[in-house]
Protein chains: 2
Amino acid sequence: MRFDVVVDVRLRGGIADPAGATIERALSALGYEGVTEVSVGKTVRFTIEAADATEATTQAEDLCASFLTNPVIEDASVTVEAAG
Amino acid sequence: MRFDVVVDVRLRGGIADPAGATIERALSALGYEGVTEVSVGKTVRFTIEAADATEATTQAEDLCASFLTNPVIEDASVTVEAAG
């Protein structure tokens with residue numbers, strides 16, 4: 001079976017986020033008020049072949065921890081659903 | 001009222017995604033089989049001050065189109081919810 005996986009990667013709390021800080025400064029300079037707590041993350045989407053959703057989730061989490069994210073500075077949340 | 005906004009930015013279909021292609025090649029070289037259609041996107045999270053959810057959504061979509069994304073090559077989906 002094929003599963004669609006979305007990995008949402010965010011910087012851990014307390015880790016400097018220069019891209020977010022730059023956007024926040026730029027927005028007020030451009031006249032957008034009231035926008036705060038800007039943070040920038042990344043998403044990795046892919047399709048995985050697995051026997052069932054549990055196996056797909058395990059494989060995707062393994063990929064995340066070993067390859068797609070840096071667990072020292074990043075948190076990842078994995079969403080798996082059957083490919084339509 | 002404050003609203004939490006998540007902007008999910010993806011490359012439009014047909015636009016080259018070198019980061020995704022590199023991950024896909026690397027995964028098979030590393031022995032992970034069955035992972036295909038890898039694509040990489042970004043997320044921008046922020047808090048916005050607005051009278052209601054409709055105004056917050058309008059402001060966030062305006063920000064997206066004018067500043068956070070490149071509408072020529074990227075699609076954005078905006079999710080707004082009241083800050084907890």
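Accessible areas here come from the Shrake-Rupley method with a 1.4 Å probe. I am working on a predicted model.

**Surface.** I looked up the accessible surface of chain A first. The total comes to about 4600 Å². Carbon and sulfur atoms hold 54% of that area. I then checked burial. Of the 84 residues in chain A, 31% count as buried.

**Fold.** I went through the secondary structure of chain A. I found 2 helices and 3 strands. Along the sequence they run β-α-β-α-β. Next I asked why chain A counts as more spread out than a compact globule. Along the principal axes of chain A they are about 50 × 30 × 15 Å.

**Contacts.** I took the contacts in chain A between residues at least 6 apart in sequence. Of these, 72% join residues at least 24 apart.

**Charges.** I counted the charged side chains of chain A. There are 6 positive and 14 negative ones. The centres of the two sets lie 5 Å apart.

**Cysteines.** I looked for disulfides over all chains and found 0. Is Cys64(A) buried or exposed? Its relative accessible area is 5%, and buried means under 20%, so Cys64(A) is buried.

Technical notes:
Residues numbered from 1 in each chain as written. Chains lettered and ligands numbered in written order. Predicted model: local features only at pLDDT ≥ 70, side-chain atom pairs only at ≥ 80, totals over all residues. Heavy atoms only, no water. Disulfide = S-S within 2.5 Å. Buried < 20%, exposed > 50% of the residue type's maximum accessible area, 1.4 Å probe, protein only. Helix = DSSP H or I, 4+ residues; strand = E, 2+ residues; numbered from the N terminus. Rg over C-alpha atoms; globule rule 2.2 N^0.38 Å. Contact = heavy atoms within 4.5 Å. Lys, Arg positive; Asp, Glu negative; His and termini not counted. Charge placed at Lys NZ, Arg CZ, Asp CG, Glu CD.
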